[in-house]
Every structure is written in C-alpha cells, then in structure tokens.
Amino acid sequence: MIKSEIAHRAWAMLRPVALCLLMGSFPVLGHAQGAPAAQTPASGYSTSTSSSAVAGAQNELYNASGQNGAQPTQDSFRGSIVTGKATDGVLDLSLDDAIQRGLRQNLGLILQTSSQKSANGQRLEELQELLPTVRASGSIEVQQVNLASYGISFPGVPAVIGPFQVVDFRAFLTQNLVNVSALKNYLAAKHNFQGARFTAEDARDLVALTVGNAYLLCIADAARIEAVTAELATSKVSLDQAVAAHDAGTSPKLDVLRAQVDYQNEEQTLISAKNSLEKDKLALARTIGLPLEQAFRLTDLVPFQALDHVDPETAFQQALKTRKDLKAYSEQVQSAAASKTAAWAYQLPVASFSGDYGDIGTTPGHSHGTFTATGEVSAPVLQIAKTRGQEQVAEAQYEQARAKLSDQVQQVNQDVRDSLLDIQSAAKLVESTHSNVELANEALSEAQQRFHAGVSDNLPVSQAQSQTEQANDQYISALYQHNVAKLSLARALGVAQSNYKDYLGGK
C-alpha cells in the first residue's frame, strides 16, 4: 500500500521535470533560446530510477518563458497566433504536422520575424545618411508692405506697396560626400540586421524543439494512460479473487478491503493521467496555433531507437558551422566594432554638398530659373568629453559582444556534450527499466497465483501491483527522456528544424 502511494507520487513528480527540459533546466533549451539571451544553467538527466522526468517539463510548458535572438522576447514560444476555427471532427495530428504548424503560427517565431523587419528598417534609415536627399516645394506668396511702418518715405512713392505676389517652385538636394561616422553607423546597422536574420532562423530550431517536446510529452501521457488501464484491469482481477476467496471463507475481510483500496487507487490514477493528457494537449495546441476547442488525436509514436557512435568533438565542430545563434553573435561583434569606429569618427571633418534649383517670378508665366550650390566642410572643434565618452561606451559594448561570443561557443560545446551524455544515460535507463517491467509483471503473476491457491494472503499481490506501476512509470519516463535528449541533440547541432526525424526515428 505504501509503495502504491509512492508510485502515484512518483508520476506526479515526473510531470514537473519534463517541462523543465523544455525551457528551463534541460541543457540545450536554455541556449536554444537564441543569441544574446541569458543562458540557463545546464542540468542533465537523473540516473536514478525515479520517474520524475516527464514533468518538470509540463510545469515549464504551462509557465514557459523564452528568450531568443539579438533582441530577446519573454514568454513567447509557448504562445501562438490562432488561425481558422475548430471543426466538428477529430483532427489527426502527426509530429511533422505539429512542427509545421508551429513554424507558421508560433508567437516566438512571429515576434522574432518582426524584430528582423525592425532591424532592416533601422539599416535603411542609416543608409539614407549616405544617399542623396531630394525634396521639393512650391509656394505662392501674396504680400502688401507698409513702408511707413519701417520709417521709409519718398516723395511721390506710395506709403503702401502692393499687393503683389511671388511664385516659387524649387527642388533641394543634400548629399554627404565624406562622412566616416555615417558609413560606420550604416555598417553597424547592416550587421545588426544580419544578426536578426540569423536569430530568426535560430528561432525556427527552437520552435521545432518546443513543439517536439510538447508532442513527446503527450505521447508519454498516452502511454501512461494505457499502462494504468492495464494496471486497473489487473487490480480488478485481484479484487475479484479476494471477494471470491472471502465468500468461500478461505480469506479474511482484510484481503477484500486491501484489494478494494488498490483498485480505487488505480481508478484515481487513471483519472489523473487522463487529465494530464488533456492539459498537455492544450499546451501543445497553444504552441502551434490550433484552436483550443479543436479535438485532435496524436498519430505518431516515437519508440526507442538507439543513437550511437556520435563523437563529441566532431559534433561540436558541426555545431560551430550550423548554429545560427553563433552567427548572430558574430554579427553583433562586427556591429559593435563598426559602432566603435563610428564613435571615433565623429571627430573627423564631414564634407557635404547642398543646392537648390527652381523657378521664381510673379506668375508661372513671368518667372525665371534660379539656383544655389554650396559645398561645406565642417568639423567639431571642442567636444573632447563627448567624443571620449562615446568611444568608451562603444568600446565597452564591443568587449561585451566579444565576451558573449566566446562564452556562447563554449556553451554550444556544453550543449552538445550534455545532450550526448543524456542520450547515453537515458538509453541505459530504458534497458534497465524495461527489464524491471518484465520482472515486476512476473512477480505480480506469481503473487496472484499463490493467493488464488490459498498459499498466502493478498498483501504480496498488493505490493507487486505497486511495484508494477512504479516500473511502468519509470519505463515511460526513460523513453521520454531518451527521445527528448535526441531531439535536444538535434537542436544543439542547429538542425532540429530540418533533421529532427533522423534523430527521433520511428513512427
């Protein structure tokens, strides 16, 4: 009885760790969140037989916070933009369908794409400083002047002149000829845009990981329901045996009560498991933009498939080439370097040209063309403190960008190695827990036969049922851990969006 309660609590603990793997404590997820985002400390899978892995994940899925890219966003990758309306039927949803929906509708990706557009807009604004600026104007001015009010008077000249009009149509041109600081500011904005573009691409990997983990969590819930349903049927057999033995006078009432408690515990566990699945399906729907009232069923299963012979150093070198967040960090370093030069260049002379050409006269038919042309060279003479301050700020930003890039390279290395360790550990757990399930089922069958033969009471049956439930929980948890670890390795390598099927395998 005590062990049965322990098993129930173990599954309740299982649900808060799995979602920690989604966006919290799982090593890759923290970094999957993109370029300059604060990194989450890594933590690997526990090698104990505790079935606590599937659910820290849920806790994070319901309360997830994501940061991605050069401009971090909070709480975005757990949300989505819903399109369409729910249908009356039940929608078949495969893992591939879910990820493709997420890549279209996930809020984090949409926001990051908007950040990319914003960065491009800033790039164009800086570019305009290097391009000619032309504007046009047209005016008609009617005026009457009182000369006496200015103290002007001449014999025979009226004190009031007018009214008269002046018509002026004119175009104005300005152009920077030499402006080093404007050029460097444009280059900085260009690198920022490239960084935002890489970060948006990196966000697609994070969406694949987020949606994939949510889908795997639902698969684990469904497996849990199937296992508990079987355990409930076994408890019913034990209860019927106890009732029959008591009616025959060969066993005490205590055996019946004990069997009833076990049976009702299984009923409660089944209710809880079904509720967990429905909540996790809602969380999955939220990440992919599916209406929450839409009924759907999972069509993919992801069984155990070993992933061996992956060299950590080779995988790390691959990640250095494919991780988009590293490229985003590199662009930020180049942007900071350009900004640093721009800050120094503010003290340099700026050569510019301005001019206008137009037609002026009393009427459009009585007018004449006029123009002005001006070349100018200007330079700051005394703003030492401002220039020095701008240089120091830019230098600090450059040093920060370089330090973040260096740290992120090591973080990617850790991501890869953590994922490989998790895969190896989870594979061993799958093997061990699968053996435990077989042994627990054999022990339960033996205990039921002994009780049916009247050799013992049903206390060993109750204990064996608890052990069987715990073994099933641990096996489901181990399978989930192994699949999430493989998906996270794909993320660590920067190929989660394109190659997740190669790492998960199966159907």
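These notebook entries record what I looked up in a predicted model.

**Conventions.** I number residues from 1 along each chain as its sequence is written, and side-chain values use heavy atoms, with hydrogens and water left out. Local features need pLDDT of at least 70 and side-chain atom pairs count only at pLDDT 80 or more, while totals for chains, interfaces and linings use all residues.

**Largest pocket.** I took a pocket to be an open set of points on a 1 Å grid over the protein atoms alone, where a 1.4 Å probe fits, with protein on both sides within 12 Å along at least five of seven lines; lining residues have an atom within 4 Å of a point. I found about 460 Å³ of space in the largest pocket. Its lining has 21 residues, and Ile219, Ala223, Glu226, Ile476 and Leu479 are the closest to its centre. Two or more residues each come from helix H7 (180-247), helix H11 (384-452) and helix H12 (459-492). I noted that H7 gives the largest share, seven residues.

**Second largest pocket.** I recorded about 300 Å³ of space here. Of the 14 lining residues, Asn192, Gln332, Ser335, Ala336 and Gln397 lie nearest the centre. H7, helix H10 (324-345) and H11 each supply at least two residues of this lining.

**Strand E2.** I looked up how far E2 (residues 133-146) is covered: one of its 14 residues is buried (under 20% relative accessible area, with a 1.4 Å probe and protein chains only). I then found 13 bridges joining E2 to strand E3 (residues 160-178), and the two run antiparallel. Ser137 stands opposite Arg170 in E3.

Note on methods
Grid points are joined across faces, edges and corners, and a volume is the space filled by probe spheres set on the points. Helices (H or I, at least four residues) and strands (E, at least two) are DSSP runs, numbered from the N terminus. Buried means under 20% relative accessible area, exposed over 50%, partly exposed in between (1.4 Å probe, protein chains only). Two strands pair if DSSP finds at least two bridges between them.
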